[in-house]
Amino acid sequence: MFRLLRPLAASVTYTRWLHLLIPGAGYSVWLFIAPDSPWVPMAIAVPVGLVPGMRLAEGVQAQLLLTPQERGRADAAISATTAATWADRWRTVLWLEIRMVLAVPVGYATVWLSATAVDLVLTASGRGPSNEWLVRGVEPHWWYALLPPLPLLLLLFIVVVSGHLITACAQRLLGPSPVQRLTALEERTEQLLERNRIARELHDSIGHALTVAVVQAGAARTARDPEFTERALAAIEETGREALDDLERVLRVLRESGTPVGQRPTLVEADRLLDSARGSGAKIDADVSGPLEQVPGAVSREGYRILQESLTNVLRHSGTVPVRVRITVASGRLELEVTNPLTDSTADSTAAPGGGSGLRGIRERAALLGGMARTGPHEGEWRVHASLPLNGLRSAP
């Protein structure tokens, strides 16, 4: 029972009613002016609906009155855009015709059912036989005062049903076309990919800087050596400046969607990562072979982030231990390997709840480029090995 009455308490029921009454009022005015030509408004709707801007006007009005809960949403079932194709224009014409056809009976029901309710009250008061359409010629009786709710309930039923019907028609005829739906889906996918990339950028760059700073500060506190403390502070300052540069790049991407990704660091700048790790006390044995400057931009940028995350994991979980870094460009592939002695804290960190997100990011970066990455214990050491193909990506910026 309450479910049947729920639409009567919803404000959208009455905004849909208003949406139907608007063209009905205009149609009634025309019938008053030219009662012999009721077909003229239907004919005028054809050229009007073919105007591209009419689809925008009808879409805005339909969103506001039929589906106000979806107003302004990118995935709204009713789109508020101009007609881009002839198919959209003819769908708008059909919408105008259906809206007018539904508006006429709803308008008449609104007037006559309301008048009938009033007439029943007047008839019950002894005014005399009724002249209204539903109770014409009925002699007055006092118990007619109990009947006025019936035409009102019938009117509300018509309002609810016609409101659902006009909304369904609007979603069908004013909704986005398959091309528009596909475009919106592609845009949404691009946004999600961009957000995911930005999250990785922040995780890699800021996480690396904070790890270096924490390790340096801890080492300086325990060393109690003024000279070492000065070097540690200098390393923290340098790492902080680099993190601020990375953060500024990410914020620029957020502010300006057109910012080129080519401004992100590449493996050509790998020395600053290695120097930062050395400044933290780690012993870095680096071997770079092959023309890094010829590595495609997309591969070089992701390789830089993989190296950054690998060094960050070493400093965070193993401390200042010896690290061996091998970067090789040969046979159409970029091979990147980072190994360090396996410690208990290293193994525990990957098994802890929530741990391993950086390692998962490494594997995802490699997979997106068609490569692969392996992370985990290997012959008594902890190893990160990424193999990224170069073929087909040389045109990347």
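## Nonpolar cores

The largest nonpolar core holds 37 residues. Leu-267, Leu-307, Leu-311 and Val-325 have the most contacts inside it. Helices and strands both supply this core: helix 7 (178-223), helix 9 (270-279), helix 10 (297-317) and helix 12 (357-368) each give two or more residues, as do strand 2 (323-330), strand 3 (333-341) and strand 5 (381-389). Helix 10 provides the largest share, 8 residues. The model is predicted.

Beyond its neighbours within four places, Leu-311 is in contact with Leu-273, Leu-274, Ala-277, Ile-284, Val-323, Val-325 and Val-338. A second core is separate and has 22 residues. Among them are Leu-20, Leu-96, Met-100 and Leu-113. In soluble globular proteins, nonpolar side chains tend to be buried together.

## A nonpolar surface patch

Which residues form a nonpolar patch on the surface? They are Val-29, Phe-32 and Ile-33. Together they have about 380 Å² of accessible area.

Ile-33 belongs to helix 2, which spans residues 11-33. Is Ile-33 buried or exposed? Ile-33 counts as exposed because its relative accessibility is 59%, and the cut-off for exposed is over 50%.

## Ala-330 in strand 2

Strand 2 contains Ala-330. The relative accessible area of Ala-330 is 41%, so this residue is partly exposed. That value falls between the limits of 20% for buried and 50% for exposed.

Ala-330 and Ser-289 are 41 residues apart along the chain. Their C-alpha atoms are separated by 8.4 Å.

## The chain as a whole

The chain has 397 residues, and 41% of them count as buried. Its secondary structure comprises 12 helices and 5 strands. Among contacts with a separation of 6 or more, 70% are between residues 24 or more positions apart. The accessible surface comes to about 21500 Å². Carbon and sulfur atoms account for 63% of that surface.

## Confidence

The average pLDDT of the chain is 78. At least 70 is reached by 80% of the residues. Over residues 351-355 the pLDDT is below 50, and this stretch has 2 contacts in the model beyond near neighbours in sequence. Residues 392-397 also have a pLDDT below 50.

Notes
Residues are numbered from 1 along each chain as its sequence is written. Side-chain values use heavy atoms; hydrogens and water are left out. Patches are made of residues with over 30% relative accessible area and no salt bridge: like charges are joined within 9 Å, nonpolar side chains (Val, Leu, Ile, Met, Phe, Trp, Tyr) within 5 Å. Accessible areas come from the Shrake-Rupley method with a 1.4 Å probe; for residues, only the protein chains shown count as cover. A salt bridge is a side-chain nitrogen of Lys or Arg within 4 Å of a carboxyl oxygen of Asp or Glu. Helices (H or I, at least four residues) and strands (E, at least two) are DSSP runs, numbered from the N terminus. Buried means under 20% relative accessible area, exposed over 50%, partly exposed in between (1.4 Å probe, protein chains only). A nonpolar core is a set of buried Ala, Val, Leu, Ile, Met, Phe, Trp, Tyr and Cys residues joined through side-chain atoms within 4.5 Å. Contact means heavy atoms within 4.5 Å. pLDDT is the predictor's confidence in each residue, from 0 to 100.
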